[in-house]
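Biologist: Before we discuss the rings, could you show me the model and explain the terms as we go?

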Amino acid sequence: MFARSTTTPWPLVALFTAGYLAPYLLPTTVGRLDAGLPLSATQAGAIGSALLLSSAAAGFLLVSRVDRVGPRTLARIGLALAVLGYGSAALTHAVPAVIAGAVVGGFGSGTATTVAASGIAAERDPHRASTVGLLCVSALAAAVYLTVPHLGTGHGQPLAAIALTALAVWPLTGRLPVRTATGHARVETAGLPHRRAGLVLAATLLCWSLAQNSLWGVSGRIGLTQAHLSEVTVGAVFAVALGTGLVGVIGAGALGSRLGRAVPIGAGTALIAGCIVLSASAHDLRTFATGEIAWNTLYPIVLSYVLGLAASLDPRGRWAVLVGSASSLGTAAGPLAGSVLSARAGFPAMGAILAVGLVVIAVPMTGVALYTGRRRVQVSQIIEIPVETIPLETPAPHIYDTTPAA
(Lines give C-alpha, C1' and ligand atoms only; values in the text may rest on other atoms or scores of the structure.)
Protein backbone atom coordinates (compact mmCIF):
# COMPACT_ATOMS: atom_id res chain seq x y z
CA MET A 1 0.00 0.00 0.00
CA PHE A 2 2.83 2.37 0.82
CA ALA A 3 6.29 2.74 -0.68
CA ARG A 4 9.13 1.90 1.67
CA SER A 5 11.46 4.79 2.40
CA THR A 6 14.47 5.60 4.56
CA THR A 7 13.23 9.08 5.50
CA THR A 8 10.75 9.94 8.25
CA PRO A 9 7.19 9.58 6.88
CA TRP A 10 5.89 12.86 8.29
CA PRO A 11 2.35 12.62 6.85
CA LEU A 12 1.94 9.25 8.57
CA VAL A 13 3.47 10.58 11.78
CA ALA A 14 1.05 13.52 11.74
CA LEU A 15 -1.88 11.19 11.13
CA PHE A 16 -0.65 8.93 13.95
CA THR A 17 -0.54 11.98 16.25
CA ALA A 18 -4.07 13.05 15.37
CA GLY A 19 -5.39 9.53 15.92
CA TYR A 20 -3.63 8.89 19.23
CA LEU A 21 -4.26 12.28 20.86
CA ALA A 22 -7.71 11.35 22.24
CA PRO A 23 -6.41 8.47 24.42
CA TYR A 24 -3.55 10.64 25.66
CA LEU A 25 -5.99 13.35 26.79
CA LEU A 26 -8.34 10.86 28.41
CA PRO A 27 -7.84 11.93 32.08
CA THR A 28 -8.61 15.59 31.46
CA THR A 29 -11.43 14.75 29.04
CA VAL A 30 -13.17 12.41 31.50
CA GLY A 31 -12.48 14.71 34.45
CA ARG A 32 -13.97 17.73 32.72
CA LEU A 33 -17.00 15.78 31.54
CA ASP A 34 -17.58 14.84 35.17
CA ALA A 35 -17.09 18.40 36.43
CA GLY A 36 -18.70 20.37 33.61
CA LEU A 37 -21.80 18.28 32.86
CA PRO A 38 -24.50 16.69 35.04
CA LEU A 39 -22.71 13.33 35.04
CA SER A 40 -21.33 11.04 37.72
CA ALA A 41 -17.71 9.90 37.59
CA THR A 42 -18.80 6.49 36.31
CA GLN A 43 -20.99 8.04 33.60
CA ALA A 44 -18.15 10.31 32.47
CA GLY A 45 -15.87 7.28 32.34
CA ALA A 46 -18.47 5.45 30.26
CA ILE A 47 -18.45 8.29 27.70
CA GLY A 48 -14.67 8.04 27.52
CA SER A 49 -15.01 4.31 26.98
CA ALA A 50 -17.61 4.85 24.24
CA LEU A 51 -15.24 7.24 22.45
CA LEU A 52 -12.39 4.74 22.52
CA LEU A 53 -14.63 1.80 21.68
CA SER A 54 -15.75 3.63 18.56
CA SER A 55 -12.08 4.19 17.70
CA ALA A 56 -11.37 0.47 18.07
CA ALA A 57 -14.39 -0.42 15.93
CA ALA A 58 -12.99 1.72 13.12
CA GLY A 59 -9.78 -0.29 13.11
CA PHE A 60 -11.53 -3.64 12.96
CA LEU A 61 -13.93 -2.51 10.24
CA LEU A 62 -11.34 -0.79 8.04
CA VAL A 63 -8.27 -3.02 8.32
CA SER A 64 -9.00 -4.65 4.94
CA ARG A 65 -10.35 -1.51 3.29
CA VAL A 66 -7.39 0.87 3.41
CA ASP A 67 -6.20 -0.41 0.03
CA ARG A 68 -9.70 -0.53 -1.43
CA VAL A 69 -10.75 2.99 -0.47
CA GLY A 70 -7.27 4.48 -0.67
CA PRO A 71 -5.11 5.83 2.19
CA ARG A 72 -5.55 9.46 1.19
CA THR A 73 -9.34 9.29 0.93
CA LEU A 74 -9.73 7.25 4.10
CA ALA A 75 -7.45 9.55 6.07
CA ARG A 76 -9.46 12.57 5.00
CA ILE A 77 -12.71 10.86 5.96
CA GLY A 78 -11.29 10.07 9.39
CA LEU A 79 -10.02 13.60 9.99
CA ALA A 80 -13.34 15.09 8.85
CA LEU A 81 -15.23 12.86 11.30
CA ALA A 82 -12.83 13.84 14.08
CA VAL A 83 -13.31 17.56 13.42
CA LEU A 84 -17.09 17.19 13.19
CA GLY A 85 -17.50 14.88 16.18
CA TYR A 86 -15.13 16.43 18.70
CA GLY A 87 -15.95 19.96 17.56
CA SER A 88 -19.69 19.50 18.02
CA ALA A 89 -19.18 17.79 21.40
CA ALA A 90 -17.03 20.72 22.54
CA LEU A 91 -19.64 23.31 21.59
CA THR A 92 -22.73 21.80 23.25
CA HIS A 93 -23.79 21.11 26.83
CA ALA A 94 -26.55 18.65 25.89
CA VAL A 95 -25.37 15.27 27.17
CA PRO A 96 -26.84 13.19 24.30
CA ALA A 97 -25.15 15.48 21.76
CA VAL A 98 -21.84 15.24 23.63
CA ILE A 99 -22.07 11.44 23.60
CA ALA A 100 -22.89 11.37 19.88
CA GLY A 101 -20.04 13.76 19.09
CA ALA A 102 -17.58 11.71 21.13
CA VAL A 103 -18.57 8.51 19.33
CA VAL A 104 -18.31 10.11 15.87
CA GLY A 105 -15.00 11.73 16.77
CA GLY A 106 -13.70 8.44 18.16
CA PHE A 107 -14.49 6.69 14.88
CA GLY A 108 -12.59 9.42 13.07
CA SER A 109 -9.58 8.99 15.36
CA GLY A 110 -9.64 5.23 14.78
CA THR A 111 -9.82 5.72 11.03
CA ALA A 112 -6.79 8.01 11.07
CA THR A 113 -4.88 5.57 13.26
CA THR A 114 -5.72 2.67 10.91
CA VAL A 115 -4.26 4.46 7.89
CA ALA A 116 -1.20 5.54 9.89
CA ALA A 117 -0.55 2.04 11.26
CA SER A 118 -0.84 0.48 7.80
CA GLY A 119 1.64 2.94 6.36
CA ILE A 120 4.11 2.73 9.24
CA ALA A 121 4.17 -1.06 8.99
CA ALA A 122 5.38 -0.72 5.39
CA GLU A 123 8.38 1.38 6.43
CA ARG A 124 11.86 -0.14 6.45
CA ASP A 125 12.07 0.62 10.19
CA PRO A 126 8.54 0.61 11.66
CA HIS A 127 9.88 0.90 15.20
CA ARG A 128 11.57 4.19 14.35
CA ALA A 129 8.43 5.57 12.69
CA SER A 130 6.28 4.51 15.67
CA THR A 131 8.78 6.13 18.02
CA VAL A 132 8.62 9.45 16.16
CA GLY A 133 4.81 9.27 16.22
CA LEU A 134 4.73 8.66 19.97
CA LEU A 135 7.24 11.47 20.43
CA CYS A 136 4.96 13.92 18.61
CA VAL A 137 1.74 12.91 20.35
CA SER A 138 3.43 13.03 23.78
CA ALA A 139 4.76 16.53 23.11
CA LEU A 140 1.39 17.77 21.90
CA ALA A 141 -0.48 16.22 24.82
CA ALA A 142 1.97 17.78 27.28
CA ALA A 143 1.34 21.21 25.75
CA VAL A 144 -2.43 20.70 26.04
CA TYR A 145 -2.16 19.67 29.71
CA LEU A 146 -0.19 22.83 30.43
CA THR A 147 -2.60 25.06 28.52
CA VAL A 148 -6.11 23.72 29.27
CA PRO A 149 -6.27 24.66 33.00
CA HIS A 150 -5.70 28.30 32.06
CA LEU A 151 -8.53 28.39 29.50
CA GLY A 152 -11.37 28.25 32.00
CA THR A 153 -13.65 25.51 33.23
CA GLY A 154 -15.93 23.37 31.10
CA HIS A 155 -15.74 20.15 29.17
CA GLY A 156 -15.02 21.57 25.72
CA GLN A 157 -11.33 22.53 25.79
CA PRO A 158 -9.70 19.07 25.47
CA LEU A 159 -12.26 18.01 22.86
CA ALA A 160 -11.60 21.19 20.89
CA ALA A 161 -7.86 20.51 21.04
CA ILE A 162 -8.35 17.11 19.39
CA ALA A 163 -10.61 18.61 16.71
CA LEU A 164 -8.12 21.39 15.92
CA THR A 165 -5.28 18.87 15.66
CA ALA A 166 -7.25 16.85 13.11
CA LEU A 167 -7.94 20.04 11.16
CA ALA A 168 -4.24 20.99 11.19
CA VAL A 169 -3.18 17.57 9.88
CA TRP A 170 -5.61 17.68 6.92
CA PRO A 171 -3.25 19.50 4.48
CA LEU A 172 -0.61 16.77 4.89
CA THR A 173 -2.97 14.10 3.56
CA GLY A 174 -2.18 15.30 0.04
CA ARG A 175 1.16 13.51 0.38
CA LEU A 176 -0.43 10.15 1.16
CA PRO A 177 -0.65 7.53 -1.62
CA VAL A 178 -3.78 6.87 -3.67
CA ARG A 179 -4.98 3.49 -4.85
CA THR A 180 -4.81 2.14 -8.38
CA ALA A 181 -7.53 0.31 -10.25
CA THR A 182 -5.95 -3.09 -9.48
CA GLY A 183 -4.92 -2.40 -5.90
CA HIS A 184 -7.32 -4.30 -3.72
CA ALA A 185 -7.55 -7.55 -5.64
CA ARG A 186 -3.93 -8.52 -5.09
CA VAL A 187 -3.91 -7.74 -1.37
CA GLU A 188 -7.04 -9.71 -0.60
CA THR A 189 -5.59 -12.92 -2.05
CA ALA A 190 -2.95 -13.25 0.68
CA GLY A 191 -3.87 -14.56 4.14
CA LEU A 192 -2.57 -13.22 7.42
CA PRO A 193 0.88 -14.59 8.28
CA HIS A 194 1.88 -15.70 11.80
CA ARG A 195 -1.71 -16.12 12.95
CA ARG A 196 -0.93 -17.67 16.32
CA ALA A 197 1.66 -15.06 17.28
CA GLY A 198 -0.59 -12.26 16.03
CA LEU A 199 -3.62 -13.49 17.95
CA VAL A 200 -1.63 -13.91 21.17
CA LEU A 201 -0.18 -10.44 20.79
CA ALA A 202 -3.62 -8.93 20.08
CA ALA A 203 -5.23 -10.65 23.09
CA THR A 204 -2.45 -9.73 25.51
CA LEU A 205 -2.19 -6.14 24.27
CA LEU A 206 -5.94 -5.75 24.83
CA CYS A 207 -5.41 -6.68 28.49
CA TRP A 208 -2.20 -4.60 28.68
CA SER A 209 -4.01 -1.49 27.45
CA LEU A 210 -6.98 -2.19 29.74
CA ALA A 211 -4.71 -2.14 32.76
CA GLN A 212 -2.83 0.97 31.64
CA ASN A 213 -5.95 2.99 30.90
CA SER A 214 -7.87 1.83 33.94
CA LEU A 215 -5.37 3.88 35.90
CA TRP A 216 -4.91 6.62 33.30
CA GLY A 217 -8.66 7.19 33.14
CA VAL A 218 -8.85 7.91 36.88
CA SER A 219 -5.40 9.47 37.41
CA GLY A 220 -6.92 12.93 37.45
CA ARG A 221 -9.31 11.92 40.22
CA ILE A 222 -6.49 10.30 42.22
CA GLY A 223 -4.60 13.57 42.12
CA LEU A 224 -7.63 15.72 42.93
CA THR A 225 -9.43 13.62 45.54
CA GLN A 226 -6.86 11.28 47.11
CA ALA A 227 -3.69 13.40 46.88
CA HIS A 228 -5.70 16.65 47.38
CA LEU A 229 -4.01 18.56 44.55
CA SER A 230 -5.43 21.38 42.42
CA GLU A 231 -6.30 20.92 38.75
CA VAL A 232 -3.38 23.18 37.80
CA THR A 233 -0.96 21.04 39.81
CA VAL A 234 -2.35 17.79 38.41
CA GLY A 235 -2.11 19.19 34.88
CA ALA A 236 1.49 20.22 35.53
CA VAL A 237 2.33 16.71 36.78
CA PHE A 238 0.81 15.19 33.64
CA ALA A 239 2.72 17.62 31.44
CA VAL A 240 6.02 16.82 33.15
CA ALA A 241 5.21 13.10 32.96
CA LEU A 242 4.55 13.31 29.25
CA GLY A 243 7.71 15.38 28.88
CA THR A 244 9.80 12.67 30.50
CA GLY A 245 7.96 10.25 28.24
CA LEU A 246 9.52 12.15 25.35
CA VAL A 247 12.95 11.44 26.80
CA GLY A 248 12.03 7.78 27.10
CA VAL A 249 10.83 7.61 23.51
CA ILE A 250 14.01 9.30 22.29
CA GLY A 251 16.03 6.78 24.28
CA ALA A 252 14.04 3.90 22.78
CA GLY A 253 14.66 5.28 19.30
CA ALA A 254 18.38 5.56 19.96
CA LEU A 255 18.52 2.07 21.47
CA GLY A 256 16.63 0.56 18.56
CA SER A 257 16.94 -3.23 18.32
CA ARG A 258 20.16 -3.59 20.35
CA LEU A 259 18.30 -5.32 23.18
CA GLY A 260 15.80 -7.00 20.88
CA ARG A 261 12.13 -6.64 21.73
CA ALA A 262 11.67 -9.24 24.48
CA VAL A 263 13.63 -7.40 27.19
CA PRO A 264 12.01 -3.97 26.70
CA ILE A 265 8.52 -5.49 26.53
CA GLY A 266 8.84 -7.98 29.41
CA ALA A 267 10.97 -6.01 31.86
CA GLY A 268 9.28 -2.73 30.91
CA THR A 269 5.82 -4.13 31.65
CA ALA A 270 6.97 -5.41 35.05
CA LEU A 271 8.34 -1.98 35.94
CA ILE A 272 5.10 -0.33 34.78
CA ALA A 273 3.20 -2.59 37.20
CA GLY A 274 5.24 -1.16 40.08
CA CYS A 275 4.59 2.39 38.90
CA ILE A 276 0.84 1.75 38.83
CA VAL A 277 0.89 0.53 42.44
CA LEU A 278 2.81 3.64 43.50
CA SER A 279 0.58 6.09 41.64
CA ALA A 280 -2.68 4.49 42.79
CA SER A 281 -1.61 4.64 46.44
CA ALA A 282 -0.50 8.30 46.33
CA HIS A 283 -1.70 10.62 49.08
CA ASP A 284 0.69 13.51 48.42
CA LEU A 285 2.31 15.36 45.54
CA ARG A 286 5.67 13.58 45.78
CA THR A 287 4.25 10.05 45.54
CA PHE A 288 1.69 10.98 42.88
CA ALA A 289 4.27 12.78 40.72
CA THR A 290 6.85 10.00 41.08
CA GLY A 291 4.40 7.28 40.08
CA GLU A 292 2.92 9.21 37.16
CA ILE A 293 6.27 10.41 35.81
CA ALA A 294 7.94 6.99 36.03
CA TRP A 295 4.91 5.31 34.48
CA ASN A 296 4.60 7.77 31.61
CA THR A 297 8.31 7.46 30.92
CA LEU A 298 8.09 3.68 30.55
CA TYR A 299 4.70 3.38 28.84
CA PRO A 300 5.63 4.85 25.42
CA ILE A 301 8.92 2.94 25.39
CA VAL A 302 7.18 -0.42 25.78
CA LEU A 303 4.37 0.60 23.43
CA SER A 304 6.83 1.56 20.68
CA TYR A 305 8.40 -1.91 20.84
CA VAL A 306 5.00 -3.61 20.84
CA LEU A 307 3.89 -1.59 17.79
CA GLY A 308 7.15 -2.46 16.05
CA LEU A 309 6.62 -6.13 16.93
CA ALA A 310 3.09 -6.08 15.46
CA ALA A 311 4.37 -4.39 12.29
CA SER A 312 7.06 -7.04 11.87
CA LEU A 313 4.43 -9.79 11.71
CA ASP A 314 3.05 -8.46 8.41
CA PRO A 315 4.70 -5.70 6.34
CA ARG A 316 1.32 -4.95 4.74
CA GLY A 317 0.19 -3.58 8.07
CA ARG A 318 -2.78 -5.85 8.77
CA TRP A 319 -1.48 -7.18 12.08
CA ALA A 320 -0.39 -3.67 13.05
CA VAL A 321 -3.97 -2.45 12.56
CA LEU A 322 -5.60 -5.47 14.23
CA VAL A 323 -3.27 -5.40 17.22
CA GLY A 324 -3.72 -1.63 17.48
CA SER A 325 -7.50 -2.05 17.38
CA ALA A 326 -7.34 -4.73 20.07
CA SER A 327 -5.31 -2.28 22.13
CA SER A 328 -8.01 0.33 21.53
CA LEU A 329 -10.63 -2.09 22.88
CA GLY A 330 -8.64 -2.38 26.09
CA THR A 331 -8.16 1.37 26.13
CA ALA A 332 -11.91 1.82 25.64
CA ALA A 333 -12.79 -0.38 28.58
CA GLY A 334 -10.15 1.26 30.77
CA PRO A 335 -11.98 4.38 32.01
CA LEU A 336 -15.10 2.43 32.95
CA ALA A 337 -13.11 -0.44 34.51
CA GLY A 338 -11.00 2.01 36.49
CA SER A 339 -14.06 3.91 37.67
CA VAL A 340 -15.83 0.73 38.80
CA LEU A 341 -12.76 -0.80 40.48
CA SER A 342 -11.87 2.40 42.30
CA ALA A 343 -15.47 2.98 43.42
CA ARG A 344 -15.80 -0.53 44.86
CA ALA A 345 -12.30 -1.27 46.14
CA GLY A 346 -10.56 2.10 46.37
CA PHE A 347 -7.63 3.41 44.38
CA PRO A 348 -4.82 1.45 46.13
CA ALA A 349 -6.58 -1.91 45.74
CA MET A 350 -7.34 -1.09 42.11
CA GLY A 351 -3.64 -0.44 41.52
CA ALA A 352 -2.64 -3.76 43.07
CA ILE A 353 -5.14 -5.70 40.94
CA LEU A 354 -3.97 -4.02 37.76
CA ALA A 355 -0.30 -4.62 38.61
CA VAL A 356 -0.82 -8.36 39.12
CA GLY A 357 -2.64 -8.59 35.80
CA LEU A 358 0.21 -6.81 34.00
CA VAL A 359 2.84 -9.16 35.40
CA VAL A 360 0.82 -12.17 34.24
CA ILE A 361 0.30 -10.96 30.66
CA ALA A 362 3.94 -9.88 30.34
CA VAL A 363 4.84 -13.57 29.95
CA PRO A 364 3.00 -14.33 26.65
CA MET A 365 3.91 -10.91 25.24
CA THR A 366 7.58 -11.65 25.86
CA GLY A 367 7.10 -15.08 24.31
CA VAL A 368 5.85 -13.57 21.05
CA ALA A 369 8.85 -11.21 20.99
CA LEU A 370 11.24 -14.14 21.51
CA TYR A 371 9.51 -16.11 18.74
CA THR A 372 9.89 -13.36 16.18
CA GLY A 373 13.47 -12.71 17.26
CA ARG A 374 14.44 -16.37 16.75
CA ARG A 375 12.73 -16.44 13.38
CA ARG A 376 14.61 -13.40 12.11
CA VAL A 377 17.92 -14.89 13.26
CA GLN A 378 17.16 -18.17 11.47
CA VAL A 379 16.31 -16.35 8.23
CA SER A 380 19.47 -14.24 8.42
CA GLN A 381 21.62 -17.30 8.99
CA ILE A 382 20.18 -19.09 5.97
CA ILE A 383 20.83 -16.29 3.52
CA GLU A 384 23.83 -14.80 5.39
CA ILE A 385 22.87 -11.14 5.63
CA PRO A 386 22.45 -8.94 8.75
CA VAL A 387 19.35 -9.72 10.81
CA GLU A 388 18.36 -6.05 11.06
CA THR A 389 17.57 -6.00 7.36
CA ILE A 390 15.23 -9.01 7.36
CA PRO A 391 11.46 -8.56 7.69
CA LEU A 392 9.44 -11.61 8.70
CA GLU A 393 7.64 -11.61 5.37
CA THR A 394 8.59 -10.39 1.93
CA PRO A 395 6.67 -7.17 1.31
CA ALA A 396 4.05 -7.06 -1.38
CA PRO A 397 4.84 -5.21 -4.61
CA HIS A 398 3.88 -1.56 -4.53
CA ILE A 399 0.30 -1.34 -5.69
CA TYR A 400 -0.45 2.29 -5.06
CA ASP A 401 0.39 5.42 -6.93
CA THR A 402 2.41 7.55 -4.51
CA THR A 403 2.30 10.75 -6.53
CA PRO A 404 1.34 13.64 -4.21
CA ALA A 405 -1.79 15.57 -4.93
CA ALA A 406 -1.32 18.72 -6.95
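Modeller: Helices (H or I, at least four residues) and strands (E, at least two) are DSSP runs, numbered from the N terminus. The model is predicted, so local features need pLDDT of at least 70 and side-chain atom pairs count only at pLDDT 80 or more, while totals for chains, interfaces and linings use all residues. Residues are numbered from 1 along each chain as its sequence is written, and side-chain values use heavy atoms, with hydrogens and water left out.

Biologist: What separates Phe 16 and Tyr 20 by about one helical turn?

Modeller: Both belong to helix H1 (residues 10–24) and are 4 residues apart there, which means a separation of about one helical turn.

Biologist: Why is Phe 16 called buried?

Modeller: Buried means under 20% relative accessible area, exposed over 50% and partly exposed in between (1.4 Å probe, protein chains only); Phe 16 has 4% relative accessibility and therefore counts as buried, and Tyr 20, at 14%, counts as buried too.

Biologist: What makes the pair of Phe 238 and Phe 288 tilted?

Modeller: Rings of Phe, Tyr and Trp (its six-membered ring) pair if their centres lie within 6.5 Å, and planes under 30 degrees apart count as stacked, over 60 as edge-to-face and the rest as tilted. The ring centres of Phe 238 and Phe 288 are 6.2 Å apart and their planes stand at 55°, so this pair is tilted. It links distant parts of the chain, with Phe 238 in helix H12 (residues 231–255) and Phe 288 in helix H14 (residues 285–312), 50 residues apart.

Biologist: Which aromatic cluster includes Phe 238 and Phe 288?

Modeller: Tyr 145, Trp 216 and Trp 295 form one aromatic cluster with Phe 238 and Phe 288.
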